[in-house]
Amino acid sequence: MARLSSIEQIVHLYATQGALAYGEGVTQLEHAVQCAQLARQSGGSPSLVVAALLHDVGHLFEDESAVASFSSDDHHEITGADALSDLFAEAVTGPIALHVAAKRYLCWKEPQYYEGLSAASKATLALQGGPFETGQALAFERLNHFHDALALRRFDDTGKRLYSANIPFSDFIPLMNGLLNHL
Ligand SMILES: [Fe+2]
């Protein structure tokens, strides 16, 4: 199982694998930075900003064909949360682990939400189990980090702009350092 044990490893991973396609005209690196910027602009906590930055880190352990093929659910949200769990508290890894479930929840909660999803997000939704049923949705509302998971999902859905002036990934290093678990 992939595990990350330092900020340097995270920076290296995005430097070497960040050019992988996200699948919607932007790279993984661009998507990560855009989502973190959106979280910061919304006044999100440091944990939420770092969760937004790293929410798709699980995809960076895959090869590009797997990301783009939409042939099976890769459970990248769990891979990512697990890989980061030695470094960050649940305030960061919890919303990451739930960001796919948050899409399923929002499809149940807001009928118009599904219509606004990108083609890629619609394609993966089906593989991820489709919209929640009512019982699943009500259980999801009771989970820790429910609100941050929904906020992260909104950033995820909008952080795909083709011509955004992205700031460097390294701008977020101090924020990540400030949240490191000190074991
Ligand atoms: Fe994403």
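How are the donor residues of the iron ion spaced in sequence? The pattern is H-x23-H-D-x99-D.

## Basis of the model

This is a predicted model, in which local features need pLDDT of at least 70, side-chain atom pairs count only at pLDDT 80 or more, and totals for chains, interfaces and linings use all residues. Residues are numbered from 1 along each chain as its sequence is written, and side-chain values use heavy atoms, with hydrogens and water left out.

## The iron site

The protein donors of the iron ion are His31 (NE2), His55 (NE2), Asp56 (OD) and Asp156 (OD). They lie 2.1 to 2.2 Å from the ion. Donors are N, O and S atoms within 2.8 Å of the metal (3.2 Å for Na, K and Ca); water is not among the atoms, so sites may look incomplete.

The angles among the 4 donor atoms run from 81 to 173 degrees, and the site is irregular.

## Salt bridges across the chain

The structure holds 4 salt bridges. Each is a side-chain nitrogen of Lys or Arg within 4 Å of a carboxyl oxygen of Asp or Glu. One of them pairs Asp86 with Arg3, the closest N and O atoms being 3.0 Å apart. This pair links distant parts of the chain, 83 residues apart: Asp86 is in the loop between helix 5 (76–84) and helix 6 (90–109), Arg3 in the segment before helix 1 (7–17). Helices (H or I, at least four residues) are DSSP runs, numbered from the N terminus.

Asp86 is partly exposed at 35% relative accessibility, and Arg3 is partly exposed at 37%. Partly exposed falls between buried (under 20% relative accessible area) and exposed (over 50%), with a 1.4 Å probe and protein chains only.

Glu110 and Arg154 meet in another salt bridge, at 2.8 Å from N to O. Glu110 lies in the loop between helix 6 and helix 7 (111–116) and Arg154 in helix 10, so the bridge ties together parts 44 residues apart in sequence.

## Helix 10

Asp157 forms a salt bridge with Arg153, with 3.2 Å between the closest N and O atoms. About one helical turn separates the two, because they are 4 residues apart in helix 10. Asp157 is partly exposed at 22%; Arg153 is buried at 3%. Shared partners join Arg153, Asp156 and Asp157 into one salt-bridge network. Asp156, also an iron donor, is buried at 2% relative accessibility.

How values were computed
Tetrahedral: all angles 85-135°; square planar, octahedral: opposite > 155°, others 65-115°.
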